[in-house]
Amino acid sequence: AVIPAAVDPAADGITILGVKDAWVEVRAPDGSRLFYDHVRAGELRNVRGEGPWRIYLSDTEAVEVRLGAHVVDVPASKKTGSEARFGLKPNGTIL
């Protein structure tokens with residue numbers, strides 16, 4: 001039997017799950033926009049591209065950002081009211 005090589009779950013990007021409606025923007029390391037859209041409740045959106053990413057959420061309670069199987073916990077220091085702006089490394093570290 002062949003044992004598959006370890007796979008980096010963040011190699012292909014991040015996943016955004018809409019809990020309520022919200023605007024989400026994700027930028028690549030060079031500043032180019034990878035994703036900018038209104039995510040609706042129940043939608044699952046995949047954002048492809050290498051990190052680290054710059055992420056903007058219009059409502060931190062409205063979306064769940066996932067890196068591989070892990071949910072990203074946005075620290076209070078990155079929130080302004082219900083909005084959040086933060087960087088995210090492929091290993092899950094918040095910038």
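The model is predicted, so local features are reported only where pLDDT is at least 70, side-chain atom pairs count only at pLDDT 80 or more, and totals for chains, interfaces and linings use all residues. Residues are numbered from 1 along each chain as its sequence is written, and side-chain values use heavy atoms, with hydrogens and water left out.

**Overall fold**

The chain has zero helices and nine strands. Here helices (H or I, at least four residues) and strands (E, at least two) are DSSP runs, numbered from the N terminus. In sequence order the pattern reads β-β-β-β-β-β-β-β-β. Of the 95 residues in the chain, 34% are buried; buried means under 20% relative accessible area, exposed over 50%, and partly exposed in between (1.4 Å probe, protein chains only). The chain exposes about 5700 Å², and carbon and sulfur atoms supply 50% of that area. Accessible areas come from the Shrake-Rupley method with a 1.4 Å probe, and for residues only the protein chains shown count as cover. Among the contacts with a separation of 6 or more, 55% are between residues 24 or more positions apart; contact means heavy atoms within 4.5 Å.

In soluble globular proteins, nonpolar side chains tend to be buried together. The largest nonpolar core in this chain holds 20 residues, of which Ile14, Val26 and Ile55 touch the most other members. Two or more residues of this core come from each of β1 (14–18), β2 (22–27), β3, β5 (53–57), β6 and β9 (83–88). A nonpolar core is a set of buried Ala, Val, Leu, Ile, Met, Phe, Trp, Tyr and Cys residues joined through side-chain atoms within 4.5 Å.

Leaving aside neighbours within four places in sequence, isoleucine 55 is in contact with Ile14, Glu25, Val26, Val65, Ala84, Arg85, Phe86 and Leu88.

Isoleucine 16 lies in strand β1 and counts as buried at 1% relative accessibility. Not counting residues up to four places away in sequence, isoleucine 16 touches Val24, Val26, Phe35, Val39, Glu43, Leu44, Arg45, Val47, Val63 and Glu64. One of these, valine 47, is 31 residues away along the chain, with 7.7 Å between the two C-alpha atoms.

**The largest pocket**

The largest pocket has a volume of about 160 Å³. On a 1 Å grid over the protein atoms alone, a pocket is an open set of points where a 1.4 Å probe fits, with protein on both sides within 12 Å along at least five of seven lines, and lining residues have an atom within 4 Å of a point. Grid points are joined across faces, edges and corners, and the volume is the space filled by probe spheres set on the points.

The lining consists of Val19, Leu57, Thr60, Glu61, Val63, Glu64, Val65, Val71, Val72, Asp73, Val74 and Lys79. Strand β6 (residues 63–67) gives the most to this lining, with three residues. By class, the lining divides into seven nonpolar, one polar and four charged residues. Ala, Val, Leu, Ile, Met, Phe, Trp, Tyr, Cys and Pro count as nonpolar, Asp, Glu, Lys and Arg as charged, and the others, Gly among them, as polar.

Threonine 60 is in the loop between β5 and β6 and is buried, with a relative accessible area of 14%. Its contacts, leaving aside neighbours within four places in sequence, are Lys79, Ser82, Glu83 and Ala84. Valine 74 sits in the loop between β7 (70–71) and β8 (79–80) and is likewise buried, at 11% relative accessible area. Beyond residues up to four places away in sequence, valine 74 touches Leu57, Lys79, Ala84 and Phe86.

**Loops and separations**

Alanine 41 is in the loop between β3 (33–39) and β4 (44–47) and is partly exposed, with a relative accessible area of 46%. Apart from neighbours within four places in sequence, alanine 41 is in contact with Gly18, Val19, Lys20 and Asp21.

Threonine 80 lies in strand β8 and counts as exposed, at 61% relative accessibility.

| Pair | Apart in sequence | C-alpha separation |
|---|---|---|
| Alanine 41 and glycine 18 | 23 residues | 4.4 Å |
| Valine 74 and threonine 60 | 14 residues | 7.8 Å |
| Threonine 80 and aspartate 59 | 21 residues | 9.7 Å |

Most residues other than glycine have a negative phi, and most peptide bonds are trans. Glycine 51 and proline 52 are joined by a cis peptide bond, with omega about 10°. Proline 52 is in the loop between β4 and β5.
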